[in-house]
Amino acid sequence: ENMVDLILEQYIVCLESAFRLVTKLSLERKRVVKCMIIMDMAGLSVNTLRYINVVRRVVQIGPPNFAEVTCKICLINAPWVFTSIWAVVKPLLPPATRNKVNICGGNYVQQIAESCGGVDMTKLPQSFGGEASDDIITFPADPVPVGAGDILAQVNADLADLGGAAGAEEA
């Protein structure tokens, strides 16, 4: 396995943990619970485009296998160059996923607060403009799901069929 495969396997573990958590909460609360993904895009540059094959693999894992977990994806601190990167990534996403993406600049706190029908700011980490400690961002320490390697192997096979480079993204 190369470093990209290890990172992608951990991505799957993170998604599986989120899926388990929202399923548990949905059953407890007797209503559908989804999560919001907040990604800080600060530091993104044109050089990021050389990793588009990694992005392609991420897109082939998350949306088709864990779409029901996410209500909104907020990309915060998105620099101006992100519009170019988004133009390349956007067509790779299913329409339902594309519609969940909210691109925010540096003034994102209000947009996050209004996403998914409102966010409890007492539960949002301080680094994202909320009131909760940044130390609370953890997922349950579950073992690697049995299917993680299978999903990754299928993504690699699908990319090989499409002629995409599956492993040599690192530069």
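What is the mean pLDDT of the chain, and what share of its residues reach 70 or more? This is a predicted model, and its mean pLDDT comes out at 75, with 77% of the residues at 70 or more. One is residues 138-146, which has 11 contacts in the model beyond near neighbours in sequence. The other is residues 164-171, where the model has 17 contacts beyond four places in sequence. Where pLDDT is low, the predicted coordinates should not be read in detail.

**The sheet**

Three strands make up an open sheet, ordered S1-S2-S3 and paired in parallel. S1 (35-40) and S3 (101-103) sit at the edges with a single partner strand each, so one side of each has no neighbour in the sheet. On average, neighbouring strands here are turned by 20° against each other, ignoring direction. S1 and S2 (residues 70-76) run parallel and are joined by 6 bridges. Across that pairing, Met-39 stands opposite Leu-75 in S2.

**The core**

Leu-75 turns up again in the largest nonpolar core, which has 13 residues; those touching the most other members are Met-41, Leu-75, Phe-82, Trp-86 and Val-89. Helix H2 (52-66), S2 and helix H3 (82-89) each give two or more residues to this core, and H3 supplies the largest share, 4 residues. What does Met-41 touch, leaving out residues up to four places away in sequence? Its partners are Leu-75, Ile-76, Asn-77, Ala-78, Pro-79 and Phe-82.

**The aromatic pairs**

The count of aromatic pairs is 2. Here they are side by side:

| Pair | Centre to centre | Angle between planes | Type |
|---|---|---|---|
| Phe-19 and Phe-66 | 6.5 Å | 70° | edge-to-face |
| Phe-82 and Trp-86 | 6.1 Å | 25° | stacked |

Phe-19 is partly exposed at 29% relative accessible area, whereas Phe-66 is buried at 6%.

Why does the Phe-82 and Trp-86 pair count as stacked? The planes of the two rings stand at 25°, and stacked pairs are those with planes under 30 degrees apart. Phe-82 and Trp-86 are 4 residues apart in helix H3, so about one helical turn separates them.

Note on methods:
Residues are numbered from 1 along each chain as its sequence is written. This is a predicted model: local features need pLDDT of at least 70, side-chain atom pairs count only at pLDDT 80 or more; totals for chains, interfaces and linings use all residues. Side-chain values use heavy atoms; hydrogens and water are left out. pLDDT is the predictor's confidence in each residue, from 0 to 100. Contact means heavy atoms within 4.5 Å. Two strands pair if DSSP finds at least two bridges between them. Axes are lines fitted to C-alpha atoms, for helices over the stretch in contact, and angles run from 0 to 180 degrees between N-to-C directions. A nonpolar core is a set of buried Ala, Val, Leu, Ile, Met, Phe, Trp, Tyr and Cys residues joined through side-chain atoms within 4.5 Å. Buried means under 20% relative accessible area, exposed over 50%, partly exposed in between (1.4 Å probe, protein chains only). Rings of Phe, Tyr and Trp (its six-membered ring) pair if their centres lie within 6.5 Å; planes under 30 degrees apart count as stacked, over 60 as edge-to-face and the rest as tilted.
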